[in-house]
Amino acid sequence: MSKRAIDTSTWFSQVAYDQLPAMREIEDPDIDPVPETNPSTKTVLKELYLPDDKLKEAVDLAIALGRPLLLQGEPGCGKTRLAYAVAYALGLPLETSYIKSTSRAQDLLYTYDAVNRLYDAQIGAEQSKDVKQYIRLGPLGRAIARAQYGRRSVVLIDEIDKADLDFPNDLLWELDRLEFRVTETSEMHYTVGDHPALRPIVFVTHNEEKALPAAFLRRCIFHYVEFPDSEERLQQVLATQQVKNADLSRKAIEVILELRQLDLSKKPGLSELLDWVGYLEAVKKPIEELDLLPSIGALLKQEGDRQRAIEALAKR
């Protein structure tokens with residue numbers, strides 16, 4: 001094992017995120033194949049996000065060491081949107097992979113369409129002689145290829161615990177070395193090489209549905225995203241999300257903090273709070289009615305929790 005090269009050229013914590021423009025031009029990650037030069041851009045809207053200092057520190061550490069940032073926390077607490085915010089802040093294209101139970105690790109690097117190639121060969125299509133015509137790079141593969149061309153990317157691997165346990169194990173070498181070869185042709189080999197400032201910034205989210213292998217954890221930086229622990233912090237989050245009715249925000253926060261004290265199967269998180277407050281503000285719901293839990297379906301998703309919450313608030 002050798003010492004990891006440290007990249008101190010990029011600091012997320014030093015970006016004045018609230019002063020960034022509402023939109024900016026960023027390389028379009030959907031262009032396939034990844035262009036070596038003069039990439040097309042697209043207009044990206046600013047992600048409304050308010051990371052705390054500990055989260056910024058974790059992002060900086062992951063960037064410096066070139067290791068994936070593994071984010072755990074309750075569903076709906078902002079793990080996924082962090083990748084969007086960091087990509088926007090740094091002006092980098094965002095490659096996304098939303099993991100399913102059928103996802104394979106190789107799909108992150110590339111896919112080979114052998115069926116279409118066989119079909120083309122049977123009808124005598126000339127392109128069937130070139131295997132590269134049937135190779136498509138995946139999100140991590142495109143990010144590594146882009147780095148080889150001198151440009152950096154952000155990669156989101158969302159909800160890795162949905163996949164089979166082999167999934168993280170099969171990515172160990174590629175995440176460590178940031179290099180891969182397409183086995184179907186010797187002509188396609190991609191590597192970041194000795195360029196720490198070009199290493200993809202990788203975010204991996206995990207909802208704790210199943211444990212991850214120790215070898216994978218060893219290659220990651222870990223951070224647990226907590227639900228904001230104070231009313232003031234929640235007010236700041238709602239203000240960042242452009243909720244303008246301060247009295248409504250204050251009352252909604254009071255209600256959700258009380259709900260989170262109950263013994264619920266699934267406590268409402270930030271995502272639920274934003275949905276609830278956004279809807280109540282849009283329909284101009286009177287503040288004095290919030291104790292009756294209007295539109296409770298936005299907050300609680302199980303009948304047992306719903307009944308428990310209604311009974312608890314009725315007893316006050």
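Which residues in α9 meet Ala246, Ser249, Arg250, Ile253 and Leu257 in α10? The views below take this up first. The model is predicted, with local features needing pLDDT of at least 70 and side-chain atom pairs counting only at pLDDT 80 or more, while totals for chains, interfaces and linings use all residues. Residues are numbered from 1 along each chain as its sequence is written, and side-chain values use heavy atoms, leaving out hydrogens and water.

**View 1. The contact of α9 with α10.** Glu231, Leu234, Gln235 and Leu238 are the α9 residues that meet those of α10 (contact means heavy atoms within 4.5 Å). By class, the residues of this contact are 5 nonpolar, 2 polar and 2 charged (nonpolar: Ala, Val, Leu, Ile, Met, Phe, Trp, Tyr, Cys and Pro; charged: Asp, Glu, Lys and Arg; polar: the others, Gly among them).

**View 2. The axes of α9 and α10.** Helix α9 (residues 231-240) and helix α10 (residues 246-260) have axes that come within 10 Å and cross at roughly 130° (helices are DSSP runs of H or I, at least four residues, and strands are E runs of at least two, numbered from the N terminus; axes are lines fitted to C-alpha atoms, for helices over the stretch in contact, with angles from 0 to 180 degrees between N-to-C directions).

**View 3. The largest nonpolar core.** This core has 33 residues, and those with the most contacts inside it are Leu140, Ile157, Phe167, Phe180 and Phe216 (a nonpolar core is a set of buried Ala, Val, Leu, Ile, Met, Phe, Trp, Tyr and Cys residues joined through side-chain atoms within 4.5 Å; buried means under 20% relative accessible area, with a 1.4 Å probe and protein chains only). Its largest share, 5 residues, comes from α5.

**View 4. Around Leu140.** Neighbours within four places in sequence aside, Leu140 is in contact with Leu108, Leu109, Val155, Leu171 and Leu175.

Conventions: Buried < 20%, exposed > 50% of the residue type's maximum accessible area, 1.4 Å probe, protein only.
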